[in-house]
Amino acid sequence: MISALRGMKDVLPPQSGLYERIIKICEEVAKNYGYEFVLAPHLEQTALFRRSVGESSDIVGKEMYQFEDKGGNDVCLRPEGTAGVVRAFIEAKFDRAGGVRRYFYHGSMFRYERPQKGRLREFHQFGCECFGEPSVYEDASVILMINEIFSRLGIKTKLLINSLGDAASMGTYREKLVKFLDEHEGQICEDCKRRKLTNPIRVLDCKVESCQKIYENAPLIIGSLNDECAGEFKKLQEILSGNGVEFEIDPKLVRGLDYYCKTAFEFVSNEIGAQSAVAGGGRYDRLVEYLGGKASYGVGFAMGIERIMEILGGRESESKRNGVYIGAMDADGVDAVYKIAINLRKNLPVLVSYEPKKLQKHLNAADNANARVCLCVGEDELKSGKIWLKDLSEKAEKTIDLADLESELKRILNV
Ligand code: HAM
């Protein structure tokens, strides 16, 4: 048997129904915030991610699905969605047109990570990206959007926020941090020694306990923010508090991608083990220019659908009965039920049994299919233009005229 690749998962019903429900809620909320759907390719030039996500990040350094295509191009399956949407925005010349544009997307992302609970090699994100808006109210809006999505899904998470400052603040901070790391060179791990040379702020994210102990005394970015960045960070906190959003400031939150400045945030859950981040994002005002476009503000987020499903999976009760099942008791009735089904399917979900069988067998099949209503015809019903119907939730049965069938089903199914 040929099995799926390690770290790649099939999502079959009823779990796939949960996936659909999550995406539907995400889309509804994003549209209410003025975001529009965008489709970008899964395959991009490797250089796009090298330049945006960053050479020093684990994603680019270790986790890319990178290969040479038949034309000799160095290509890569997207490890995240932001870079591709930024490229599309620049390629469509929207950076030159000005104004504010808001996009949402969802789909597969690929990272060659070590698979474990909550960590896949192909996973799915729902993400939003806003271009051209400098106001910190938009930073607050993307956070509020996630909050709204989680509240509609009934998920409880903790929001962590930080500010990474602008280029000037980051420059000042970097100097202080490198000085601190030089003073502790003998005590930090090999990875952190490397990070000190490539992207020092990454050390704050180190998972080695002895390093974390040392970084308890490391200088913090917040201490190096200039007046503008400090003011915006304060304003963000005021907007969030003023709109009932609870948060914690995590001064060591640096995120695993290089493009962020100012606002950085993560939503974490204590219900899914070590891989606790369910959503993350922030501002990336330098990225458009860095990828060759005209300087444009950017802010956005992405959430991991599998991690949300993991939280909900244990909690969702058995999926609700829905739709109609129809079958015939003898061979002559199959054509008739088929015709009835085709008609009903213009407005309602209908499963047809092509096999004639006894009523009890149809009822069992309808039950297994989780149908709300079982319809069955025998010779007598057909002759008199009637049909037998059972509401499997209410356990109520009756025989009704075919002419009244659709309206009766709509009433039961509440559509
Ligand atoms: P990220 O934090 O790398 O950000 O990923 C966002 C979310 O994707 C994570 O919080 C997590 O739920 C999920 N995720 C990441 N890796 C995996 C994995 N291996 N398996 C399962 N789920 C995973 C970004 O990707 C940025 N592009 C977000 C962003 C958009 N920032 C601004 N705009």
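Two strands are taken to pair if DSSP finds at least two bridges between them; helices (H or I, at least four residues) and strands (E, at least two) are DSSP runs, numbered from the N terminus. The model is predicted: local features need pLDDT of at least 70, side-chain atom pairs count only at pLDDT 80 or more, and totals for chains, interfaces and linings use all residues. Residues are numbered from 1 along each chain as its sequence is written, and side-chain values use heavy atoms, with hydrogens and water left out.

**View 1. Parallel pairing of strands E12 and E14.** Strand E12 (residues 324-328) and strand E14 (residues 373-377) are joined in the parallel sense by five bridges. Within this pairing, Val324 has Val373 of E14 as its bridge partner.

**View 2. The open sheet of five strands.** The strand order is E13-E12-E14-E15-E16, and the pairing is mixed. Strand E13 (350-352) and strand E16 (396-401) each have a single partner strand, so one side of each edge strand is left without a neighbour in the sheet. On average, neighbouring strands of this sheet are turned by 25 degrees against each other, direction ignored. Axes are lines fitted to C-alpha atoms, for helices over the stretch in contact, and angles run from 0 to 180 degrees between N-to-C directions. Helix H13 (residues 333-344) lies across E12, E13, E14 and strand E15 (386-391), and runs at about 160 degrees to E12. Contact here means heavy atoms within 4.5 Å.

**View 3. The open sheet of eight strands.** Mixed pairing also describes the sheet with the order E1-E5-E6-E11-E10-E9-E7-E8. Its edges are strand E1 (36-37) and strand E8 (248-249), each of which pairs on one side only. Strand E7 (residues 158-163) runs parallel to E8 and is joined to E8 by two bridges; Ile161 stands opposite Ile249 in E8. Helix H6 (residues 136-153) lies across several strands, including strand E5 (101-110), strand E6 (122-131) and strand E11 (298-304), with an angle of about 20 degrees to E11.

View 4. Cys128 is located in strand E6. Its relative accessibility is 0%, so Cys128 counts as buried (buried means under 20% relative accessible area, exposed over 50%, partly exposed in between, with a 1.4 Å probe and protein chains only). Leaving aside residues up to four places away in sequence, Cys128 touches a set of residues, among them Ala30, Tyr103, Phe104, Met145, Val299 and Phe301. Tyr35 lies 93 residues from Cys128 in sequence, yet the two are 7.3 Å apart in space, C-alpha to C-alpha.

**View 5. Cysteines without disulfides.** A search of the whole structure finds zero disulfides, a disulfide being a pair of cysteine sulfur atoms within 2.5 Å. For Cys130, the closest cysteine sulfur is that of Cys128, 9.5 Å away and too far for a bond. Cys206 is likewise in no disulfide, the nearest cysteine sulfur, in Cys192, being 3.6 Å away. Cys130 is buried at 1% relative accessibility, and Cys206 is buried with a relative accessible area of 5%.

**View 6. The protein chain as context for the close-ups.** The protein chain has 16 helices and 16 strands. Its C-alpha trace spans about 90 × 50 × 45 Å along the principal axes. Buried residues make up 49% of the 415 residues. Among contacts between residues at least 6 apart in sequence, 70% join residues at least 24 apart.
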